[in-house]
Amino acid sequence: MPSIPKAFISYSWDSETHKKWVKSLSKKLRKKGVDVTLDQWETAPGDQLPEFMEKAIRENDYILVVCTPRYKKRSDNREGGVGYEGDIMTGEALSNRNKKKFIPLIRKGDKEKSMPTWLKGRYFIDFRDENQFERYFSDLLVTIHGEREKAPPIGEKPNFKEKTEHKQKSKKISNEDFSFDPIEIEGVVVDEVTSPRNDNTRGSALYKIPFKLTRNPSFDWSESFIRYWDRPPRYTSMHRPGIASVIGDKIILDGTTIKEVEKYHRDTLLLAVEEANKEIKAKRKQEWNQKKKEKEQEEEHKKNIRNISDRLDFNT
């Protein structure tokens, strides 16, 4: 069984709202299999805070640094708890073999005004836009769990001896070389369906329902799907535009019920997926045809150069 990754969150107490956001992020990470250490849970009056900070920074696999202009100021100027943590983390960053241990999360301000000097140049995750939270939260999760996309294996070295001098066979591209694997919906991810609030406020009976796709779609496919969901060619009076998003290999409908899906949204989901597949297939075919044309032009140019080169005689 794989070990559970451990993460410590370093942040400044900018405001009560900011503290609540950090706590909410910590809860979501723990729910997704990350053992998060947070001062709001781990410390109490009378505790030795320097000892807690040193232990948390050295013993956790990852340090998530929530960057804001206030955090940068306190870290760079070595002020308060953030400044003390900055001293420890700077030394740890220089000596630790795991160069990816420290992950900047920008919450406010641009990177120049929010990231401490010792973090400059590192890949950061942007949490400034709440509407994009799920997208970047997914990016953070796959990083912590070590599930980022890896490079494909390296193939064998070509046999260059088979090439003849000044002659190459033109590589023809036939229509059979083009293929497109359409994306389909596999079903509801039952364990990730959320619960309604049911507090008698508007929309409190609605909840979030994820649907598993056959593979991770491309960014343009996701945009196309959402566009067709919001403005489908056919829809019922119960259609809910604006509730669909695509995160990883899942479609999320945030603001509906399973009965609505069964009665109304299923057909619209299938229609939006079908239209997105058609649009992206046509786009990929156009791109493929362009590459084919460029390849043929390149081969024709080389052939012309070789023919003229063979006719040239420099003997006087």
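These legends walk you through a few close-up views of a predicted model. Residues are numbered from 1 along each chain as its sequence is written, and side-chain values use heavy atoms, leaving out hydrogens and water. Because the model is predicted, local features need pLDDT of at least 70 and side-chain atom pairs count only at pLDDT 80 or more, while totals for chains, interfaces and linings use all residues.

**View 1. An open sheet of 4 strands.** The strands follow the order E6-E7-E9-E8 with antiparallel pairing; strands (E, at least two residues) and helices (H or I, at least four) are DSSP runs numbered from the N terminus, and two strands pair if DSSP finds at least two bridges between them. At the edges are E6 (185–188) and E8 (244–247), each pairing on one side only.

**View 2. Strands E8 and E9.** Here 4 bridges join E8 to the antiparallel E9 (residues 250–256). Look for serine 245, which stands opposite isoleucine 252 in E9.

View 3. The side chains of arginine 227 and glutamate 279 meet at 2.4 Å, N to O; a salt bridge puts a side-chain nitrogen of Lys or Arg within 4 Å of a carboxyl oxygen of Asp or Glu. Arginine 227 sits in helix H8 and glutamate 279 in helix H9, 52 residues apart.

View 4. Lysine 278 pairs with glutamate 274, their closest N and O atoms 3.6 Å apart. These two residues are 4 residues apart in helix H9, so about one helical turn separates them.
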